[in-house]
Amino acid sequence: MAGDLDEFDRKIVTMLRADGRMTVTDLADRIGLSKTPTQMRLKRLMDGGVIRGFRAIVDPARLGLDHVAFAEVKLSDTREKALGEFNAAVLRVPEIEECHMIASSFDYLLKVRTANIRDYRRVLGERISSLPHVASTSTYVAMETVRESA
């Protein structure tokens, strides 16, 4: 659908990325269309999967979750079935915020958020290392977050 997006569609996406709580009336005013065409475009963007949803952006530190670690994961088996089993299991670990398959000397990079290093050690030992086909892991602890996308 990316090729089907025009200037108004891109403005809608840009505006909502900055403020997902913006009313349709405000959105229409800012992009220069009336309310009805803006609503129709918004619905099309949502139905087409360009806009996948809306959510609250929280401050993890205020929730006591300011420890971030990145874990490299090497699998013992990288056939499609094994990858699918690993992927499905990752989705069941709430501390894993992001999971990326990587073209490198390891297979996956996980972003893991916990309260502290002790909690991370527990998650690594009990949950991540127990995921299907995990052969080894390496951890990198973030000391400071300079920029983070919502």
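Which side chain meets that of K111 in a salt bridge with an N to O distance of 2.3 Å?

A: The model is a predicted one. In it, the side chain of E148 meets that of K111 in a salt bridge, at 2.3 Å from N to O. This pair links distant parts of the chain: K111 belongs to strand β3, while E148 is in the segment after β4, 37 residues apart. E148 counts as partly exposed, with a relative accessibility of 38%. K111, by contrast, counts as buried, because its relative accessibility is 7% and the limit for a buried residue is under 20%.

K111 also takes part in a salt bridge with E97, where the N to O distance is 3.4 Å. Here too distant parts of the chain are linked, since E97 lies in strand β2 and K111 in strand β3, 14 residues apart. E97 has a relative accessibility of 40% and counts as partly exposed. In general terms, side chains of opposite charge can pair when their charged atoms come close.

Another of them joins D59 and R62, whose closest N and O atoms are 3.5 Å apart. D59 is partly exposed, at 38% relative accessible area, and R62 is exposed, at 74%. 

Beyond its neighbours within four places in sequence, L110 is in contact with A69, F70, A71, V73, I96, E98, C99 and I128. L110 is also among the residues with the most contacts inside the largest nonpolar core, together with V73, F86, I96, I128 and L131. That core has 19 residues. At least two residues of this core come from each of β1, α4, β3 and α5 (117-128).

Within α4, A82 may be taken as an example. Its relative accessibility is 3%, and A82 therefore counts as buried. Setting aside neighbours within four places in sequence, A82 is in contact with D77 and H133. The C-alpha atoms of A82 and C99 are 15 Å apart, and these residues are separated by 17 residues along the chain. H133, the contact partner of A82, lies in the loop between α5 and β4. H133 counts as partly exposed, at 25% relative accessibility. The phi of H133 is near 70°, a positive value in a residue other than glycine. Most residues other than glycine have a negative phi.

Helix α2 (residues 24-31) packs against helix α3 (residues 35-47) at an angle of about 100°, with the axes 9 Å apart. The two helices are therefore roughly perpendicular to each other. Their contact is made by V24, T25, L27, A28 and I31 of α2 with K35, T38, Q39 and L42 of α3. Helix α1 (residues 7-18) also packs with α3, at an angle of about 75° and with the axes 10 Å apart. That angle makes α1 roughly perpendicular to α3. In this contact, F8, D9, I12, V13 and L16 of α1 meet T38, R41, L42, R44 and L45 of α3.

Notes: Residues numbered from 1 in each chain as written. Predicted model: local features only at pLDDT ≥ 70, side-chain atom pairs only at ≥ 80, totals over all residues. Heavy atoms only, no water. Salt bridge = Lys/Arg side-chain N within 4 Å of Asp/Glu carboxyl O. Buried < 20%, exposed > 50% of the residue type's maximum accessible area, 1.4 Å probe, protein only. Helix = DSSP H or I, 4+ residues; strand = E, 2+ residues; numbered from the N terminus. Core = buried A, V, L, I, M, F, W, Y, C linked by side-chain atoms within 4.5 Å. Contact = heavy atoms within 4.5 Å. Axes fitted to C-alpha atoms, helices over the stretch in contact; angles between N-to-C directions. Parallel < 35°, antiparallel > 145°, perpendicular 65-115°, else oblique.
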